[in-house]
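Please consider how the features of a protein model are read.

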Amino acid sequence: MPKKDPLDKLDESTRRYRETEKAHEASRKEVTDDVVDALREGKRPTDVAAHSPFTDAYVRRIARENGVEPAPRGGSRKKK
């Protein structure tokens with residue numbers, strides 16, 4: 001079997017990378033939207049983080065960036 005040209009191999013791996021990159025970005029957007037929805041429904045950031053691929057700190061950042069108000073101390077967030 002003849003050896004493949006390295007640039008042909010690189011072209012193939014680059015194509016696969018770009019395809020999976022698009023799928024990954026779509027999944028990231030979907031999970032971020034679901035995080036925002038869960039927070040707006042009054043779920044605690046700690047619980048949301050436990051069910052997502054994100055850290056607690058990143059879930060709180062997503063909340064701030066999307067205008068989700070923090071829950072009052074000792075209570076749960078009000079549903080809008």
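The dialogue that follows takes up several features in turn.

Q: What kind of model is this, and how are its residues numbered?

A: This is a predicted model, in which local features need pLDDT of at least 70, side-chain atom pairs count only at pLDDT 80 or more, and totals for chains, interfaces and linings use all residues. Residues are numbered from 1 along each chain as its sequence is written, and side-chain values use heavy atoms, with hydrogens and water left out.

Q: Where is Lys 3 found?

A: Helices (H or I, at least four residues) and strands (E, at least two) are DSSP runs, numbered from the N terminus. Lys 3 is found in the segment before helix H1 (6-40). Between the C-alpha atoms of Lys 3 and Asn 66 there are 52 Å in space, and the two are 63 residues apart in sequence.

Q: Does Lys 3 count as buried or exposed?

A: Buried means under 20% relative accessible area, exposed over 50%, and partly exposed in between (1.4 Å probe, protein chains only). Lys 3 counts as exposed because its relative accessibility is 82%.

Q: How many aromatic pairs does a search of the whole structure find?

A: Rings of Phe, Tyr and Trp (its six-membered ring) pair if their centres lie within 6.5 Å; planes under 30 degrees apart count as stacked, over 60 as edge-to-face and the rest as tilted. The search of the whole structure finds 1 aromatic pair. Phe 54 and Tyr 58 form this edge-to-face pair, with 5.0 Å centre to centre and 65 degrees between the planes. Phe 54 counts as buried at 16% relative accessibility, whereas Tyr 58 is partly exposed at 30%.

Q: How many salt bridges does a search of the whole structure find?

A: A salt bridge is a side-chain nitrogen of Lys or Arg within 4 Å of a carboxyl oxygen of Asp or Glu. The search of the whole structure finds 6 salt bridges. One of them joins Arg 28 and Glu 25, whose closest N and O atoms are 2.7 Å apart. These two residues are separated by about one helical turn, because Arg 28 and Glu 25 are 3 residues apart in helix H1. Arg 28 is partly exposed, with a relative accessible area of 33%, and Glu 25 is partly exposed at 39%.

Q: Which residue meets Arg 61 in a salt bridge?

A: The side chain of Arg 61 meets that of Glu 65, at 3.0 Å from N to O. Arg 61 and Glu 65 are 4 residues apart in helix H3 (residues 56-65), so about one helical turn separates them. Arg 61 is partly exposed, with a relative accessible area of 42%, while Glu 65 is exposed at 53%.

Q: What is the N to O distance in the salt bridge of Arg 44 and Asp 47?

A: The side chains of Arg 44 and Asp 47 meet at 2.9 Å, N to O. Asp 47 counts as partly exposed, at 34% relative accessibility.
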